[in-house]
Amino acid sequence: MRRGRVAWLLAVVALGAQAVAGCSASAEQGKVRITVATFGEFGYEPLFAEYERLNPGIDLVGRVTDFDSHHKGLITALAAGRGAADVVAVEEQYLPALRRSRDKLVDLSRFGARELRDRWTPWKWEQGVVGDAVLGLGTDMGGLAMCYRTDLVARAGLPTDRDALAALWPTWEAYAEVADRFAARVPDAKFTDSAGTVYTAMLNQAQENYFRTADDAFIGDSNPAVTHAFTLAGSIGAKHQTAALTTFTQPWNVGINQGAFATMTCPAWMLAQIKQAGGPGGAGTWDVTTVPGGAGNWGGSYLVVPAQGEHIEAAYAAAKWLTAPEQQKRLFETDNILPSQPSVYRDPTVLSQTDPYFRGAPIGRIYAASSDAVRPNHRGVRDADVRPIFGRALGRIEDGKQTVDQAWRQAVDEAHTVLR
């Protein structure tokens, strides 16, 4: 299952045009041109303009591509020694793979990055550090919550009040029981969007997933956290209580718009996706409450500086400014992009933020509470090779092609094969 934001084609075209114009302007004015590559909407465009006002000699140019192309392109550019932007956003699941290319990235401690350590929550900072090297500065994080459609929940005889509903699912086992209740009363809609999103949320609440923290050895076939998450999420899928929709696809967008499912795990950055897919007609239909287990993280990124750039110190300065507390606060206020710095997400202005689209849900309070309870989550160097295998296995269960046990055995076999 893909994880990250969606980069819309119009944004790519618009920013591509700006990149050409920016290159010309820089050449004419003698400015230092710094390209910032992201996947999807980071909310940076207004910040670029402000940074240029504060730094007249700098021209910041955005480059946006889709999630997979962005990261695969970065890996290719690092291997080739050319083609990477000056500053590049990297989603957390790709960070382990970059450990093998650490010599291709600038150690930001050369420019004093270690002095910034206390800005971030400890687990967020540590994910961007390899040994003594600081490879990335944290942007957002994906504190977990549960989004739900109040109309479908009401039809099932469940409480629409966000606190009362969350009280029904303190654990994922209880969530599965609520799914049974919903399915018995609402035959024309599903309880959740996919088994994969449930599985991902559960894994992200565990300290270890597919690889052991101590030595990075594969433990996905024996780790109780993985087997439990797969079995529970798979059982929901086997009962056809999911809409079997892959996140961020057009059918998933249509499902949101047409009320195909009642609940979905939603990190803060996903709220914008729901608004866009739901359209004006969805306003006041969706609400947000606490996720089973009370906390978790899905997604979040870092800004890295490829060593092949011509202006690495200027690139670092831009990355430092874009991830500073003031900018993180503004991005949450304007785009619901959740800060990864406690001083920001505990700020009274952030804590008091609500969202009218989601029935005035106190999103500041909900996501801050979720983020405060997050534990470090180890990702192995080969995580990106293994994780999709289990996602596809859950899809086979939803499609009725395999039982939970059959899908699990095949996934484990495939994982061992790909890791040889």
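Aspartate 287 is buried, with a relative accessible area of 2%, where buried stands for under 20% relative accessible area, exposed for over 50%, and partly exposed for the range in between, using a 1.4 Å probe and protein chains only. This aspartate forms a salt bridge with arginine 162, and the closest N and O atoms of the two are 3.0 Å apart; a salt bridge here is a side-chain nitrogen of Lys or Arg within 4 Å of a carboxyl oxygen of Asp or Glu. The model is predicted, so local features need pLDDT of at least 70 and side-chain atom pairs count only at pLDDT 80 or more, while totals for chains, interfaces and linings use all residues. Residues are numbered from 1 along each chain as its sequence is written, and side-chain values use heavy atoms, with hydrogens and water left out.

**Salt bridges**

- Under the cut-off given above, the count comes to 15 salt bridges.
- The pair of aspartate 287 and arginine 162 links distant parts of the chain, 125 residues apart, with the aspartate in strand β9 (residues 286-289) and the arginine in helix α7 (residues 162-166); helices (H or I, at least four residues) and strands (E, at least two) are DSSP runs, numbered from the N terminus.
- Arginine 162 is buried, at a relative accessible area of 18%.
- Aspartate 180 and lysine 239 meet through their side chains in a salt bridge of 3.2 Å, N to O.
- This pair also links distant parts of the chain, 59 residues apart, since aspartate 180 belongs to helix α8 (residues 172-185) and lysine 239 to the loop between α10 (224-238) and α11 (250-258).
- Aspartate 180 is partly exposed, with a relative accessible area of 33%, and lysine 239 is likewise partly exposed, with 46%.
- Salt bridges that share partners join Glu92, Arg379, Asp383 and Arg387 into one network.
- Arginine 149 and aspartate 151 are joined by a salt bridge between their side chains (2.8 Å, N to O); arginine 149 is buried, at 10% relative accessible area, whereas aspartate 151 is partly exposed, at 34%.

**Aspartate 355 and its surroundings**

- Aspartate 355 lies in the loop between α16 (348-351) and α17 (363-372), and it is buried, with a relative accessible area of 5%.
- Its side chain makes a polar contact of 2.7 Å with the side chain of lysine 275, a polar contact being a pair of N or O atoms within 3.5 Å; within protein, one atom must be able to donate a hydrogen and the other to accept it, and residues adjacent in sequence count only if both atoms are side-chain atoms.
- Leaving out residues up to four places away in sequence, aspartate 355 touches Lys275, Asn336, Gly360, Ala361 and Ile363, where contact means heavy atoms within 4.5 Å.

**Alanine 277**

- Alanine 277 is found in helix α12 (residues 270-278) and is buried, with a relative accessible area of 12%.
- Not counting residues up to four places away in sequence, alanine 277 touches Asn253, Ile256 and Asn257.
- From C-alpha to C-alpha, alanine 277 and threonine 160 are 22 Å apart in space, and they are 117 residues apart in sequence.

- On a 1 Å grid over the protein atoms alone, a cavity is a set of points where a 1.4 Å probe fits but cannot get out, a pocket is an open set with protein on both sides within 12 Å along at least five of seven lines, and lining residues have an atom within 4 Å of a point.
- Grid points are joined across faces, edges and corners, and a volume is the space filled by probe spheres set on the points.
- The largest pocket has a volume of about 390 Å³, and of the 19 residues that line it, Arg99, Glu126, Gln127, Asn377 and His378 are the closest to its centre.
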